[in-house]
Structure formats: C-alpha cells, structure tokens
Amino acid sequence: MIRPAPGDSEIELRLLIDAIYLKYHYDFREYAAASLKRRVKSAMLKFNCATLSQLQDRVLHDPAIFPALLDVLTVPVSEMFRDPGYFRSLRETVVPLLRTYPSLKVWVAGCSTGEEAWSIAILLREEGLLSRALIYATDINPQVLQKAEAGVYEADRIAGFTENHRRSGARSSLSDYYQAAYGLAVFDKALRRHLVFSDHSLATDSVFAEVQLVSCRNVLIYFNRALQDRAVGLFRDALCRKGFLGIGAKESLRFSACADAFTALVPDDRIFQKRDAA
Amino acid sequence: MSLVLPRGREIDAVVIGTSAGGVEALMLLLPQLPAGLGAPVLIVLHLPRERPSLLARIFAPRCAIRVVEAEDKQPVEPGTVYFAPPDYHMLIDAGPQIALASDELVHHSRPSIDALFESAADAYGARLLGVILTGASADGAEGLDAIRRAGGLTVVQQPEEAYAALMIESALARGPVDFVLPLQEIAALFTAVEDGPGAAAPRPART
C-alpha cells in the first residue's frame with residue numbers, strides 16, 4: 001500500500017493557499033480545513049491535476065484558470081427563502097422592530113449568487129419596508145456577484161423557491177416578482193433598485209456601513225474559529241444599537257469570542273440581537 | 001481515552017453510514033452502547049433535507065450514551081453520538097471538532113456518508129472504525145474505501161439481513177472489508193470490550 005507520508009497533503013494545501021493569497025489576494029488561510037480540502041480535491045479533478053502541487057503550478061502560471069478555481073473554492077449553494085422558518089421569524093419578530101427606523105440598511109454577507117438578498121428584498125416589499133431600505137449584498141467572488149446582480153435563476157428552481165416562500169409566511173405570490181421566459185425567471189428590476197452588490201471579504205476588509213440587520217447564513221461554517229471571530233466582530237461593529245444578526249440553522253455563536261455581544265432573540269431560527277453595551 | 005476493540009485494536013472514532021432501514025438498524029445498535037464509550041460515534045443517516053430531523057430526540061431517551069445533533073465547531077468528544085443535521089455535510093476538523101458544510105449533494109444526498117468518511121479518514125487515519133449498514137444508495141462506498149486506504153478498520157452489516165443491501169454491496173464492490181457482521185455482532189464489537197486502559201493517550205486529529 002503506497003500512501004504519501006502523513007502531512008504531505010497538509011503541506012501542499014498550505015502552499016497552494018499561500019500561493020493564491022500572494023498572487024490573487026484571496027485569503028483562504030483561515031478557512032475551515034476539512035471543507036477546504038474537499039473543495040480543493042474537486043478542483044484537482046476539474047483541472048486534471050494529480051497533486052495539489054500541480055494545481056499550485058497551474059494557479060501560478062495560468063491566471064486564466066483562477067476564476068474557475070475561485071468558483072470551486074467558493075461553491076455557491078443557495079436557494080430563495082432557504083429555511084422558511086428563518087424568514088417567518090424575521091417577519092414576525094424582527095420586522096416589527098425594523099418598522100421603528102426611518103431608514104433601513106441590511107447587509108447580506110457572503111451573498112453568493114444572490115438568492116438570499118433577493119428573498120430579503122421581497123420580504124421587505126411584502127412588509128411595506130422596501131421603499132426605505134437599502135440591502136448591501138457582498139461576496140468575495142466577482143462572478144457570483146454578477147449573477148446575483150442579474151437576478152436571473154433557472155425556471156426549474158422556481159417551484160422550490162415558491163414552496164419556501166409560501167412557508168415563510170408570504171403575503172403575496174412569488175410570481176408577482178419575476179417574469180418567466182426561455183426557461184429562466186428574471187426578477188423584478190424594481191426590487192433591484194434597493195440592492196447594492198459589492199465585493200467584500202470578511203477575511204480582509206472592514207466595516208463599510210451602519211446597518212440594522214446582518215444576514216450571514218452558511219458562510220461562517222467555512223471559516224475556522226479565528227476567522228469566525230473576525231467576521232462576527234465585523235457584524236457587531238456594523239450593527240446599530242440593538243441591531244439584528246441572523247446566521248445559518250446549524251451555526252452557533254456559542255463557540256465565538258464575540259458571543260457576549262449578542263443575545264438570542266429567536267434561538268431556534270438563529271436570530272440574535274446586539275446587546276446594548278456591545 | 002480510546003476504544004479498544006477485540007485483538008487490542010485501538011480506535012479514536014467510529015463513523016456509521018446508513019439510509020433505508022437505518023433507523024431500525026440503529027435502534028438495535030445504539031441502545032447497546034455504554035455511556036462511557038471510549039470514542040465518539042458520528043452518524044450520517046439519509047433523511048429528507050427540508051425537514052428538521054428528530055433523530056437525536058428519538059434516540060436520546062433510548063440510549064445510555066449521549067446523543068446529539070451535530071453543530072458547527074462543536075468539539076468531538078468520546079461517549080457521544082453525533083447525528084449529521086439534515087441538509088449539511090458533517091466533516092471533522094482539527095481539534096477534533098465538527099465542521100458542517102453546505103457544499104453540493106453527493107450521491108443525491110446532503111449529508112453524505114462519503115463526505116463524513118473521507119474527512120474522518122483524513123483526521124483519524126488508522127485509528128478509525130467505519131461501518132456501513134442497510135441502505136439503498138451507493139453513498140459510503142468511496143468513503144469506506146478512503147478509510148481502508150488510511151489503514152482504518154472497516155465493517156459492513158451482513159447484506160442478507162439488511163433491509164436494503166445496495167449500500168453494503170456497493171461498499172463491498174470497492175474492495176475487501178475487515179468484517180461482514182450481523183447487527184447484533186457489530187454491537188458486540190463495541191460492548192465486548194472495555195474502554196482504553198489509559199495507556200493510550202488521546203491523539204489529536206491529523207488535520
């Protein structure tokens with residue numbers, strides 16, 4: 001049985017990640033290793049590389065492949081109104097408090113292809129708050145941001161989105177917000193006016209605005225604890241007094257250094273509120 | 001702490017994969033595990049992705065061993081059964097700790113058995129026991145192969161007694177396993193042996 005000595009793949013992974021950072025300034029150094037390894041493995045298959053060192057060689061000498069590699073490393077997986085209970089709790093518990101603000105800013109951090117940002121725009125429209133709201137949707141991957149901005153999704157995903165939307169306590173029909181044509185659903189440009197898509201890294205950038213709500217779901221799971229702490233610290237600093245933070249259904253602030261800055265508002269749906277003194 | 005199997009084989013973690021018929025099989029297996037089992041037991045059981053899982057709630061009152069649904073960044077401790085939550089892959093990171101992932105489906109499944117097994121093989125190397133039980137999917141075959149290649153111990157349920165044999169047969173098709181056993185004897189693997197004698201210091205995961 002021939003296996004590389006233990007540790008070889010760890011060394012290669014670190015060299016690859018350092019190469020990406022030095023050459024392209026994308027910082028995966030503090031990503032959770034287990035999921036990063038899976039993604040890097042699928043990148044090896046995709047680019048026909050037998051070893052991570054070969055992949056590193058390609059990354060350094062063939063910049064044309066980098067966008068495709070970035071796509072693999074930041075696998076976009078999202079759907080509209082994913083975990084309908086989360087959106088139902090936003091409506092029932094957070095929206096009444098958001099109504100008290102004359103103008104609203106929301107930050108969807110790690111927005112990927114935009115499904116969550118568009119969902120929040122639709123929710124705010126249904127609740128009569130969109131006209132005074134601005135939604136910042138950020139991601140590190142410029143290609144997914146383009147898709148997010150376009151607001152165009154495959155029509156075969158719409159049935160799932162519609163069912164999620166219905167279960168989120170919808171006050172209207174999802175079909176009010178898109179036009180279907182040629183197997184695609186194109187979301188309403190009127191919503192688009194309240195969405196700002198922008199390049200932002202939770203690993204290297206800082207706070208850019210004061211917001212009332214941060215929604216960052218299934219992003220923190222890809223970070224190690226140090227980077228999680230950095231990201232949650234950014235959310236704390238971006239949030240206004242008593243602002244709200246929503247995270248993924250199986251994510252937790254329990255193991256975070258910033259846990260004390262928040263109280264659980266709707267524990268089951270992972271919605272938190274910034275503490276007064278924080 | 002570690003789990004000592006017959007023939008003195010020391011194990012730092014147990015991973016189990018199953019789908020169709022899995023709840024019934026685990027009903028037979030898990031209640032037999034002692035509270036002080038010297039290793040964590042990490043389980044992927046295929047379930048619908050859009051509904052919350054009741055597994056931890058169903059099994060906890062019937063088991064002596066602690067049973068939880070895994071959370072991201074949760075430390076992995078001996079004497080605990082971790083169920084992968086629906087719609088997330090469950091992986092093992094250095095610590096060892098749970099790392100959940102929302103990456104694409106593997107064999108139409110999230111959580112995927114392959115994803116857990118491959119990551120656990122990476123983290124625990126030869127000190128891992130992988131078990132494939134009843135199931136109607138090819139998920140797990142590659143993962144069990146990864147455990148075998150890392151020098152870990154591999155076990156499958158006897159296909160004749162399984163509710164669905166496809167998962168087991170797919171695993172067997174990838175190569176030989178250490179044991180093909182009826183459920184009752186798989187349970188005995190854990191219970192016939194006492195916890196690690198203390199000579200075996202806990203070994204950090206190799207990630």
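Author: Gladly! Let me begin with a term we will need for partners across a sheet: two strands pair if DSSP finds at least two bridges between them. Please keep in mind that this is a predicted model.

Reader: Thanks! Which residue of strand 2 of chain A does Leu104(A) stand opposite?
Author: Strand 1 (residues 104-109) of chain A and strand 2 (residues 133-139) of chain A are joined by six bridges, and they pair in the parallel sense. Within strand 2 of chain A, the residue opposite Leu104(A) is Ala133(A).

Reader: What is the strand order of the open sheet of seven strands in chain A, and which strands stand at its edges?
Author: The pairing in this open sheet is mixed, and the order is 6-2-1-7-8-10-9. A single partner strand is what each edge strand has, so one side of each is left without a neighbour in the sheet. From one strand to the next, the twist averages 25°. The edge strands are strand 6 (195-199) and strand 9 (262-266) of chain A.

Reader: At about what angle does helix 6 of chain A run to strand 2 of chain A?
Author: Helix 6 (residues 115-126) of chain A lies across strand 1, strand 2, strand 6 and strand 7 (211-216) of chain A. For helix 6 against strand 2 of chain A, the angle is about 170°.

Reader: Chain A also has an open sheet of three strands. Which of its strands stand at the edges?
Author: The order is 3-5-4 and the pairing is antiparallel. Strand 3 and strand 5 (residues 184-187) of chain A, for instance, pair over three bridges, and Val152(A) stands opposite Val186(A) there. Each edge strand has a single partner strand, so one side of each is left without a neighbour in the sheet; these are strand 3 (152-154) and strand 4 (178-181) of chain A.

Reader: Let's turn to chain B. Is strand 9 of chain B mostly covered or mostly uncovered?
Author: On one side of strand 9 of chain B, Leu128(B), Gly130(B) and Ile132(B) are buried, and on the other Leu129(B) and Val131(B) are buried. That accounts for both faces. With five of its five residues buried, strand 9 (residues 128-132) of chain B is mostly covered.

Reader: Which residue of strand 9 of chain B is the bridge partner of Ile16(B)?
Author: Strand 3 (residues 13-18) of chain B runs parallel to strand 9 of chain B, and five bridges join them. The bridge partner of Ile16(B) in strand 9 of chain B is Val131(B).

Reader: And what handedness does the β-α-β unit with strand 9, helix 4 and strand 10 of chain B have?
Author: Strand 9 and strand 10 (residues 153-157) of chain B run parallel, joined by four bridges. One position to look at is Gly130(B), which stands opposite Thr154(B) in strand 10 of chain B. With helix 4 of chain B, these strands make a β-α-β unit that is right-handed.

Reader: Is Ala162(B) buried or exposed?
Author: Ala162(B) lies in the loop between strand 10 and helix 5 (166-173) of chain B. Beyond its neighbours within four places in sequence, its contacts are Gly21(B), Leu133(B), Thr134(B), Gln157(B) and Ile168(B). The cut-off for burial is 20 or more other C-beta atoms within 10 Å. Because Ala162(B) has 25 of them, it is buried.

Conventions
Residues numbered from 1 in each chain as written. Chains lettered and ligands numbered in written order. Predicted model: local features only at pLDDT ≥ 70, side-chain atom pairs only at ≥ 80, totals over all residues. Buried ≥ 20, exposed ≤ 12 C-beta atoms within 10 Å, placed from the backbone. Helix = DSSP H or I, 4+ residues; strand = E, 2+ residues; numbered from the N terminus. Right-handed = clockwise from strand over helix to strand, strands pointing away. Axes fitted to C-alpha atoms, helices over the stretch in contact; angles between N-to-C directions. Contact = placed C-beta atoms within 7 Å.
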